[in-house]
Every structure is written in structure tokens, then in C-alpha cells.
Amino acid sequence: MADKNNDKEIKELLHELALLEQFTGTGAEEMKDKLNEIIQKYSLNPVAVLTILARLAAGYIHIVQEHSAPEKHDEIEDKFHFMLESYLADLDLVKVSKTMEKIKRMDAN
């Protein structure tokens with residue numbers, strides 16, 4: 001029974017992410033452009049960039065938690081971790097898909 005509830009929660013979160021993507025995609029692209037400007041301006045290395053992103057995420061998570069009931073704080077962090085893992089998995093799937101297409105094209109020739 002716990003597995004069914006967990007599956008349902010995962011499906012609901014994925015659906016929520018898909019809906020949010022409609023509204024956040026443009027903002028994320030604009031933030032990426034600004035971040036790239038900052039990276040270039042300060043010659044930041046990848047670890048520094050990840051540190052900045054982690055610091056920003058932690059700050060915003062904390063702000064959301066401050067405006068939420070205490071019993072929701074862990075859930076907020078869990079949702080963030082799930083979203084991060086989902087985006088990482090999605091990028092991995094895109095990469096695998098491109099590799100598969102490349103292999104198919106090579107086999108076709």
C-alpha cells in the first residue's frame with residue numbers, strides 16, 4: 001500500500017513540475033543568461049557556480065519555510081530535492097535519447 005501511495009505522490013509531483021515548467025521555463029532561461037554573464041565577468045569555475053546556485057536555492061527554501069507551517073519544512077526541502085533529481089534525470093534521458101538516435105543513424109548507413 002505504501003508503494004501505491006508513493007507512486008501516486010511521484011506522479012502528482014511530476015505533473016506539478018510539468019505545469020510549472022510552462023511558467024518557469026522563460027524565467028529560468030533569463031536567469032541562466034544572467035548567470036552566464038556573472039560567470040564570465042568573475043571568471044567563475046564550475047564549483048563556484050554550483051556553490052552560488054546552492055546558496056541561492058538554500059536561501060529561497062528558507063524563505064518559503066519561514067512562510068509555511070513548521071510541519072511543512074521538511075516537505076518543502078523534499079520537494080526541492082525531488083525537483084532537482086527530476087531535472088537531472090530529464091537531462092540524462094535527453095542525452096541518452098540523442099545517443100540512441102546517433103547510433104540508429106550510424107546503423108542505417
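What follows is a short exchange about a predicted model.

Biologist: Which elements does the protein have?

Modeller: Three helices and zero strands. From the N terminus on, the order is α-α-α.

Biologist: Why is serine 86 called buried?

Modeller: Buried means under 20% relative accessible area. Serine 86 has 15% relative accessibility, so it counts as buried. Serine 86 lies in helix 3. Leaving aside neighbours within four places in sequence, serine 86 is in contact with Leu14 and Leu17.

Biologist: How much of the protein counts as buried?

Modeller: Of the 109 residues, 9%. The protein exposes about 9,700 Å², and carbon and sulfur atoms supply 61% of that area.

Biologist: How do helix 2 and helix 3 pack?

Modeller: Helix 2 covers residues 46–66 and helix 3 covers residues 73–108. Their angle is about 145°, with the axes 9 Å apart. Helix 2 passes helix 3 in a right-handed crossing.

Biologist: Which residues make that contact?

Modeller: Helix 2 brings Ala57, Ile61, Val64 and Gln65. Helix 3 brings His73, Ile76, Glu77 and Phe80.

Biologist: How do the residues of that contact divide into nonpolar, polar and charged?

Modeller: Five are nonpolar, two polar and one charged. Glu counts as charged, so Glu77 is the charged one.

Key
Residues numbered from 1 in each chain as written. Predicted model: local features only at pLDDT ≥ 70, side-chain atom pairs only at ≥ 80, totals over all residues. Heavy atoms only, no water. Axes fitted to C-alpha atoms, helices over the stretch in contact; angles between N-to-C directions. Helix = DSSP H or I, 4+ residues; strand = E, 2+ residues; numbered from the N terminus. Left-handed = near helix turned anticlockwise from the far one by under 90°. Contact = heavy atoms within 4.5 Å. Buried < 20%, exposed > 50% of the residue type's maximum accessible area, 1.4 Å probe, protein only. Areas by Shrake-Rupley, 256 points an atom, 1.4 Å probe, with all protein chains shown as cover.
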